Amino acid sequence: MKLAQEFGMSAMLKPPLAIGAGPIGTRMYYEVSGGTITGERVRGKVLGGGEWALIGPDGFLRIDVRLQAETHDGALLYMQYVGLLEMNDAVLGSLTSGTGTDYGAQYFFTNPRIETGDERYAWLNKTFFVGEGHIIPGPGVEYRVWRPA
């Protein structure tokens, strides 16, 4: 499969709200307080949203994010993505120290789905995306997002 990078995205996170241990793992809620989207065809700012993270006994965090964004020219976007983040030593150390990780320092992949009613960006509604992430100071996350070429 050939992939083309479509955009980069950062999302800043407020301190987590620990829901606690449940029957299928430990639930954490992170409010998304802002961020940016940078690409040739789509760019703008993340307006807000949330992540309903579930950390399983296998050491992986199940990503469940929903957020809103606005493009540089006023289109509103809804983005939802799921994925997996390996809670390895690099990630745990980063979260403890407030530093970041590099791409590839952890297993961190997502599948963003984007919706909009703005005809200028209707192509987003029917494009399959895959993302690779890493932790950034703040705390936050940063992604490189690709589509089939």
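Colleague: Which residues touch the most other members of the largest nonpolar core?

Modeller: Phe 7 and Met 9 do, in a core of 33 residues. The model is a predicted one.

Colleague: What makes this set a nonpolar core?

Modeller: A nonpolar core is a set of buried residues of kinds such as Phe and Met, joined through side-chain atoms within 4.5 Å. Phe 7 and Met 9 are among the 33 residues that belong to the largest such set.

Colleague: Which elements supply at least two residues of this core?

Modeller: Strands β1 (3–13), β3 (25–38), β4, β5, β6 (76–86), β7 (108–115) and β9 each do. The largest share, five residues, comes from β5.

Colleague: Why would nonpolar side chains be found together?

Modeller: In soluble globular proteins, they tend to be buried together.

Colleague: What does Phe 7 touch, leaving out residues up to four places away in sequence?

Modeller: Its contacts include Ile 37, Val 42, Met 79, Ile 114, Phe 129 and Tyr 143. Thr 38, Gly 39, Arg 144 and Val 145 are also touched by Phe 7.

Colleague: Why is Asn 88 called buried?

Modeller: Buried means under 20% relative accessible area. Asn 88 has 16%, so Asn 88 is buried. Asn 88 is found in the loop between β6 and α1, and touches Ala 105 and Gln 106, not counting residues up to four places away in sequence.

Colleague: How do you know that β1 and β3 pair?

Modeller: Two strands pair if there are at least two bridges between them. β1 and β3 have six, in the antiparallel sense, so they count as paired.

Colleague: What else does β3 pair with, and over how many bridges?

Modeller: Five bridges join β3 to β2 (residues 17–22), and the two run antiparallel. Leu 17 stands opposite Tyr 29 there, and β2 and β3 form a hairpin with two residues between them. β3 and β4 are antiparallel too, joined by 10 bridges. Their hairpin has five residues between the strands, and Val 32 stands opposite Gly 49 in β4.

Colleague: How many residues line the largest pocket, and which are the closest to its centre?

Modeller: The pocket holds about 310 Å³ of space. Of its 21 lining residues, Leu 13, Tyr 30, Leu 95, Ile 135 and Pro 139 are the closest to the centre. The largest share of the lining, three residues, comes from β9.

Colleague: What classes of residue make up that lining?

Modeller: It has 15 nonpolar, five polar and one charged residues.

Definitions and conventions: Residues are numbered from 1 along each chain as its sequence is written. This is a predicted model: local features need pLDDT of at least 70, side-chain atom pairs count only at pLDDT 80 or more; totals for chains, interfaces and linings use all residues. Side-chain values use heavy atoms; hydrogens and water are left out. On a 1 Å grid over the protein atoms alone, a cavity is a set of points where a 1.4 Å probe fits but cannot get out, and a pocket is an open set with protein on both sides within 12 Å along at least five of seven lines; lining residues have an atom within 4 Å of a point. Grid points are joined across faces, edges and corners, and a volume is the space filled by probe spheres set on the points. Helices (H or I, at least four residues) and strands (E, at least two) are DSSP runs, numbered from the N terminus. Ala, Val, Leu, Ile, Met, Phe, Trp, Tyr, Cys and Pro count as nonpolar, Asp, Glu, Lys and Arg as charged, and the others, Gly among them, as polar. Buried means under 20% relative accessible area, exposed over 50%, partly exposed in between (1.4 Å probe, protein chains only). Contact means heavy atoms within 4.5 Å.
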